[in-house]
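Please work through the exercises below with the sequence and the model side by side, trying each task before reading its solution.

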Amino acid sequence: MEVVAAKPFKTSSNISEFVSKFAKVCKLRSIGVFASENNASLVVDDNSRDLTEETGFEGQKVHPHPAEVSGKNNGETEMEKLFEIVSALKSSYIRLQEAHIPYNPKLIIAANKLVVAELEALCKIKRAYKEKQFRKFESDLSHIALLQAKIEVNEGFVEELKFQVKAKNSEIKQLAQELRELDNGNAKLAEKVKQMNVERKFAVVYNVNTLQEAFAATSKSIHDFAKPLISLMKASGWNLDLAANSIGGEVVYSKRSHKKYAFEAYIGRRMFSGMTLQGYNLDDVMRFDDPIDALINDPDSEFSKFCGKKYLLVVHPIMEASFFGNLDYRTLVLSGKHPRTPFYQIFAKMAKWVWVLQGIAGSLDPKARAFAVNRGSKFSDAYMESVEEDKEGAVCSVQLESMRRVEFMVMPGFKIGETLLKSRVYLSKVEFPLGKS
C-alpha cells in the first residue's frame with residue numbers, strides 16, 4: 001500500500017501554531033494517508049496508542065468515553081460533560097487533520113471552528129470550575145470568619161469571666177482578712193471574758209467562806225495522797241507499824257486503821273514546812289482543772305517550782321526507788337518537768353490546794369499566820385479539831401475531854417483576822433475511870 005505524503009498547510013500562521021500546540025498537548029501520534037481503490041483515505045498509524053491511553057488538557061488523562069467516577073451526582077455530571085468535550089475536541093482535531101489531506105480550505109475552516117468551539121467549551125468548564133472553587137473558598141472564608149467571630153465573642157466572654165474571677169478572688173481575700181480580724185477580735189473578747197470570769201472567781205475566792213473551802217479541800221487532798229502512798233508502801237514490803245512509829249512516836253491508836261493519820265501528818269508537815277503566807281496571783285493555777293496542765297503550760301512558774309520542791313521533800317529517794325524500781329520521777333522533776341502519771345497527778349492536786357490555801361490566806365490578810373500544836377498539848381476545842389472518824393468517848397463530858405492530849409498534828413491551823421481555822425490533830429486514847437463504860 002502506497003503512502004501519500006501530506007501537502008504543507010500554507011494558510012495563516014495562527015491556525016498552524018494553534019493546531020501545533022494542541023497536537024503537543026494531546027500528544028497524538030503521526031497520522032498517515034493510504035491509497036484505496038477509489039480515493040485516498042486518511043488512516044491512523046497502526047502503531048499508535050489507543051486514544052483511551054492518551055493524555056488530554058493540562059496533563060490530565062482523558063478517555064473517549066465517560067469513566068465511572070464515584071462521588072456526588074453533581075460531580076459525576078460535570079466529569080461526564082468534561083470527558084464528552086475532550087472526546088469531541090479530539091474528533092474535531094482529527095477532522096482538522098483530515099481536511100489537510102487532500103487539502104480542502106472549506107473543510108479546514110469548518111474543522112477549525114469545531115476545534116475552537118470545543119476549546120471554548122473546555123475553557124468555559126475550566127472557568128466554571130474555578131468559579132466554583134472560588135465560591136467554595138469564599139464559603140470557607142465566610143465559615144472561617146463566622147468561627148473567628150464566635151472565637152472573638154468567646155474570648156471576650158472568657159476575659160469577662162477572668163475579670164469576674166479576679167474580682168471574686170479579691171472579694172475572697174477581703175472576706176478572709178475580715179474573718180481573721182473577727183477571729184482575732186473574738187479571741188481577745190474570749191480572753192477578756194475568761195479574765196472577767198477569773199476575776200469574779202477570785203472575787204469570790206478571796207473571802208472567808210472560800211478560804212474555809214480551800215482549807216477543807218487541802219485537808220482532803222492530803223488524805224487522798226496518803227492512800228496511794230500507803231498502798232505502795234504495803235506493796236513494796238514496808239513495815240507500816242515501824243514507819244508510823246517513826247513519824248508519830250509511840251502512839252496508842254484507838255484503831256489500827258488510825259495509823260493512816262500518822263502518814264497524813266508526815267505529808268502535812270512536809271507540805272507546810274517553810275510556809276509564808278503572802279498574797280500572790282492564782283490565775284495560772286485556778287484556770288486549769290488539771291494542775292498538770294498548769295505545770296506544763298508554764299514550767300517556769302512559781303507554782304511549778306513549789307510543786308517540784310515539795311515532791312522532792314515528800315517522796316524520799318528510798319521510797320521512790322522501792323515503789324517504782326527507779327528514780328525516773330525524781331530525774332524529771334529535777335530537770336523542771338512533771339510526769340503525767342496517776343501518782344504524780346494526785347500529788348500535784350494536793351500541791352495545788354496547799355498553794356491556793358497559802359495564797360488566799362495571804363491575800364485576805366497580810367498579817368495572816370499559821371499555828372502548830374505540839375505533842376502533849378492539852379486539847380482545846382477552840383483551836384483544835386480531832387481527825388478521828390469515830391470519836392468514842394471524845395465528848396463524854398467536859399472533864400474527860402479535857403483529859404485528852406495531842407499525839408500529833410495532822411494539819412496546822414490558820415488565824416486570818418477574826419477568822420480561825422482550827423488545827424486538825426490526832427488525840428490520845430481516852431482512858432475511862434473505873435465504873436464508866
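The exercises that follow treat helix packing, strand pairing and a salt bridge.

The model is predicted, so local features need pLDDT of at least 70 and side-chain atom pairs count only at pLDDT 80 or more, while totals for chains, interfaces and linings use all residues. Residues are numbered from 1 along each chain as its sequence is written, and side-chain values use heavy atoms, with hydrogens and water left out.

**Exercise 1.** Describe how helix α4 and helix α6 pack, and state which residues make the contact.

Solution. Begin with the elements: helices (H or I, at least four residues) and strands (E, at least two) are DSSP runs, numbered from the N terminus. The axes of α4 (residues 208-235) and α6 (residues 260-272) come within 9 Å and cross at roughly 120 degrees; axes are lines fitted to C-alpha atoms, for helices over the stretch in contact, and angles run from 0 to 180 degrees between N-to-C directions. The two helices are therefore oblique to each other, given that angles under 35 degrees count as roughly parallel, over 145 as roughly antiparallel, 65 to 115 as roughly perpendicular and the rest as oblique. Next, take the contact, meaning heavy atoms within 4.5 Å: α4 contributes Thr-218, Ile-222, His-223, Phe-225, Ala-226, Leu-229, Ile-230 and Met-233, and α6 contributes Lys-260, Phe-263, Glu-264, Ile-267, Gly-268 and Phe-272.

**Exercise 2.** At what angle do helix α9 and helix α12 pack, and which residues meet?

Solution. Helix α9 (residues 302-314) and helix α12 (residues 342-364) pack at about 120 degrees, with their axes 10 Å apart, and α9 and α12 are therefore oblique to each other. On the α9 side the contact includes Phe-303, Phe-306 and Tyr-311, and on the α12 side it includes Phe-343, Phe-347 and Trp-355.

**Exercise 3.** Which strands does β7 join through bridges, and in what sense do they run?

Solution. On one side, three bridges join β4 (residues 369-371) to β7 (residues 413-416), and these strands run antiparallel; here Phe-371 stands opposite Gly-413. Three bridges also join β7 to β8 (residues 419-421), again antiparallel, with Phe-414 opposite Leu-421. β7 and β8 form a hairpin with two residues between them, and Gly-417 in the turn has a positive phi of about 60 degrees.

**Exercise 4.** Which parts does the salt bridge between Asp-241 and Lys-259 tie together?

Solution. A salt bridge is a side-chain nitrogen of Lys or Arg within 4 Å of a carboxyl oxygen of Asp or Glu, and by this rule the count comes to 11. The side chains of Asp-241 and Lys-259 meet in such a bridge at 2.3 Å, N to O. Asp-241 lies in helix α5 (residues 240-248) and Lys-259 in the loop between α5 and α6, so the pair ties together parts that are 18 residues apart in sequence.

Definitions and conventions
Pairing = 2+ DSSP bridges.
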